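Trainee: I would like to go through this entry term by term. For each label, please tell me what backs it up.

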Amino acid sequence: MASETLAIAPTGLSTRSLAERLHEWAVTVDHKRLGILYIGYALVFLVIGGVEATIMRVQLAVPNNHFVSPQVFNRMFTMHGTTMIFFVAMPILFGFSNYTVPLMIGARDMAFPRLNAWGFWMSALGGIILYFSFIGGFGLYGAGSAPDVGWFAYAPLTSPAFSVGHSTDYWIVGLLVSGFGSIATALNVMTTILCMRCPGMKLGRMPLFVWMNTVMAGLVLVAIGPLTAAQLMLLIDRYLGGHFFDTQAGGSAVIWMHFFWIFGHPEVYILVLPAFAIVSEVIPVFSRKPIFGYSIMVAATVSIGFISLGVWAHHMFTVGMTSYANAFFVASTAAIAVPTGIKIFNWVGTMWGGKIIYKTPMLFCVAFLCQFLIAGLTGIMLATAPFDWQLGNSYFVVAHFHYVILGGIVMAVFAGSYYWYPKVLGKMMNETLGKWHFWLFVIGFHLTFDFMHVPGLLGMPRRVYTYEASRGWEIWNLIVSIGVIFQIIGILLWVADVIWSYYKGEIAGNDPWDAWTLEWHTTSPPPEYNYAEIPVIRSRRPLWDLKHPEDPDWKYE
Amino acid sequence: MRRSDDHREPPQVYGSNQIELAWTVIPVLIVVMLFLATARVIAQVQDADRSPDSIDVTAIGHQFWWEFRYPGLGVVTANELHIPVSDSVSPTPTFLKLLSADTDHSFWVPRLAGKTDLIPNRVNQMWIDPHHTGLYLGQCAQYCGTQHALMLLRVYVDSRSDFDAWVRSQSRSAVAVALTNADAAKGREIFEATSCINCHTVRGTVADGRFGPDLTHLMSREEIAAGAATNTPANLKLWIEDPDAIKPGSLMPAMRLTEQDLNSLTAYMETLR
C-alpha cells in the first residue's frame, strides 16, 4: 500500500490515470510531496528568472547595445530579482525544509499538514499573480506590462503618479499572497520542530539542519510582517488616497526603505540559514567526522538570527542618516561577521583530520565554503559606510550579493540536491554528470561574478540598460556575459542528471552515504507515514550508534 | 576526542573550547578595530566644518536630468556642474544641497566623492573638495525610472579664474544676446508660441518653465539630454524632432514641427550661448 501511493515511484503505476495522479498531487497534505512540489515549482521559476538574467547579460555584453529597450530591461531586472528571491530561493529552501525536517526529527508529518498545503498553494498563487502582470498590467507610460520599479520598489516610483497602470499592483499583490504562504510555512516548521520530535531528541540533540531551520522559521515570522504591512500601505496609497509613501502629498520615501529593509535584510538570513543547514549535514558525512563544535554552531546560528534583525539600514548608508545612525549600523553589520566566521571555522574544523570523500555533494560544499568566505569579506567591505558610499548601488554590490546567493545559497542547494536525491527518489544521481555540472557551473560562476566586481570599482552603477564605450567597462562586461554560457550548460547538465537518474540511476538503498541522521533510517523513498515505528534516539547521531554499538556517541555527550 | 575502533573511520573529534574561544575573540577584536576606524571616517566626512570660502550649489534631481542652482551667484544650469578647484592651503570646497523634484536619485561622481541620494521631501547634503582641475564623469546611482541609465553627470573642476569667468557669462540674461539672424528670430517666435516655454526657461524672455532644463546658456554645455548626445546642431535638431531617437523614455515630447520650423528653432537654440 505504502509504495503504491507514491506516484513518483517508477513502477506499479499501471492502473491510475494521469488525471487521478495529478489530482493526488493537487490535494496532497504529505510533507514529502509538498516538499517536492515546492522544489519543482522553484525550478520552473529558476528557468524563468535565468532567462531574464540572460536577456540582461546579452544587452550589457557590449556598450550601446540595442538588444532590448530600456523599458524591457527595467522589467527584466525587476522580475529577475523578485522571482529569484521570492519564487526560487524561498520555495526551494522551504521545499528542503518541508521534506527533511519531519524525517530528521522522527515525525510522521508536519504539525499542520493542511496548513502546509495551504502555504504552498498561496506561494504558488503569488508567483502566478506576479507573472500574470505580463498579460494584465501596464508599466510606466502605459507602454508595458510587467513591473519595472526594481525588486525593492523604492517610493515614490511606485506611486500612481510615476507608475501608471497595474504592473506595480501585480507586484504588490503577488508578494503579499506569497508572504502569507511563507508565514504559514514558518509557523508550521517551528511548531513541528518544537512539538513533534521523537523520544530522546532533546533540543541539544537535533541535527544542525533542524536547528538552522528553526531560526529561519523564527526570522520569517518576524520579518515578513513588515513587508506585508508595507505592501498594504502601498495599496492604500495607490487605491484609497493614502499618503504613506506619496512624497507629493507629504509622505516619506525613506519610511518605505526602512519597512522594506527591515524585512529585506533578515530575508538574506532566511535564505542563507537553510543553506548553512544543508552544508552542516553534508560536510560531516563526507568528512566522516561529527560536526566540530555543535553547541557553538547552535549559539552562532541563534546569534545570527538576533543580530540580523538590527542591521537593515546598512542598505541605506547613502540616504542621509546621521553619523551616529550610520555608525550604529556599521557596528551591528560588522558584528554579524563574528558568528558567521565561527561557522566557517567550524566547518573547516569538521573537515580537518577527516577522511574527505569528494563526491559531488561535497564538491559543492567546498565551493560553498570558498565562495561564501569571499562573499563575507566583500560584505564586511560594504558594511563600512564610507566604502559603501563609494560602491553602494554599483556593480560591486551586485557581484557581492550574487556571490552570497549563487556562490553560497545555490551551491548549497546543489549539494543538497545530490545528497538527498537518493532518499527522495530511491536512485543515485550520476557522478560523472554531476562533476561536469560542478566544474562548468563553478567556472561560469567565477567568470561572471569575479569579474563583475571590476566595473563596479570603475564606477558602473547597477540597473543601467546601457553604457558608453569610453568608461573602460566593456571588456569586463563581456567576460561577465560569457560566464553565463557556462552556467547555463552547467544547469542543463544538472537537469539532465535529475531526469536521467530517475530512469537509469543505480538503486540507492536506505543509506547510500553511510550517514548518521534519522532520515537515512527509513526506506528510499520513505513511505507516506515515514516510520512504521517511531524511532527512539540517545545521541545526535542515532545511526552512528546503530552502526557502532561498541562505541556509541551517547557515551560521550 | 576519541579513537573509533572502526578503522574505516577517522578519529571522531567533537570540538575544542579553546579553539572556539580563539576564533571568537580574535574576530571580535578585528571587528572592534574596524568599527573604530570606520566611525572616525564617518565623523570626518559627515560632521565636517564648513569653511567660509566654500561654494554652495543646490542640485535637484529630475527624471532624467540634473538641475544645478548657485544661490548667491545667480546661475542656473543643467547636467554640467562647474566648480572651482580647491587646495589644502586655501580650501574652497563645494557644498551640495541635494533635492529631488520627483523620484529618488543619487549623486555619484566616483573620482570626487561617494554617493548621496536625492530624495523628494528631504534635504540631503554632501561636499566635494577636488584638488585637480579637469572633467569628472558621473551619473545617477539610484534607479529613478525608464531612463535612469542616461541620467549622466559631468563635473568641470575649473581654475579659479576660469570659474569666475564662467559665472560671469552664466549669470547674464539671454536678452543681452542680439538676434542678428532672421532665422533665429523666427525660431524664437516658434519657441515662445509653442509648449516649449511650459517646461524651459530662457532668462530675460517669456520662457520660464521649470520642468525641463534651463536653456539660457544651452550652447555653453557640451552635451544635451543629460549626456545622451553631444551638443551639435544636428543632434539638437534630432532631439527636438524625436527625443526617443536619442533617449527613449525621456519626458521631452516630440514637437512635430515642419522641417523649416525645426531649422529655425535649432538656429535659435544655437544663439543661446
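Mentor: Start with helix 6 of chain A, which has a kink of about 25° at A:Ala223, shortly before the proline A:Pro226. The model is predicted, so local features need pLDDT of at least 70 and side-chain atom pairs count only at pLDDT 80 or more, while totals for chains, interfaces and linings use all residues. Residues are numbered from 1 along each chain as its sequence is written, with chains lettered from A and ligands numbered from 1 in the order in which they are written.

Trainee: What makes something a helix here, and what is the bend at a residue?

Mentor: Helices are DSSP runs of H or I with at least four residues, strands are runs of E with at least two, and both are numbered from the N terminus. The bend is the angle between two fitted axes, one for the seven residues ending at the residue and one for the seven starting there. At A:Ala223 that angle is about 25°.

Trainee: How do you know that the length of helix 6 of chain A agrees with its number of residues?

Mentor: The expected span is 1.5 Å times one less than the number of residues. Helix 6 (residues 208–239) has 32 residues and should therefore span 46 Å; its end C-alpha atoms are 46 Å apart, so the two agree. A:Gly241 follows this helix with a positive phi, near 70°.

Trainee: What makes the peptide bond between A:Ala155 and A:Pro156 cis?

Mentor: Its omega is about 0°. A:Pro156 sits in the loop between helix 4 (113–136) and helix 5 (167–195) of chain A. Chain B has a cis bond joining B:Gln63 and B:Phe64, with omega about 0°; B:Phe64 is in the loop between strand 1 (55–62) and strand 2 (65–70).

Trainee: Why are strand 4 and strand 7 of chain B called edge strands?

Mentor: Two strands pair if DSSP finds at least two bridges between them. The open sheet has 5 strands in the order 4-10-9-6-7, with mixed pairing. Strand 4 (80–84) and strand 7 (116–118) each pair on one side only. Within the sheet, strand 6 (residues 105–108) and strand 9 (residues 134–140) of chain B have 2 bridges and pair in the antiparallel sense.

Trainee: How many residues of chain B are in contact with chain A?

Mentor: Contact means that C-beta atoms, placed from the backbone, lie within 7 Å. By that test, 53 residues of chain B are in contact with 57 residues of chain A. Helix 1 of chain B gives the most to its side, with 15 residues.

How values were computed:
Contact = placed C-beta atoms within 7 Å.
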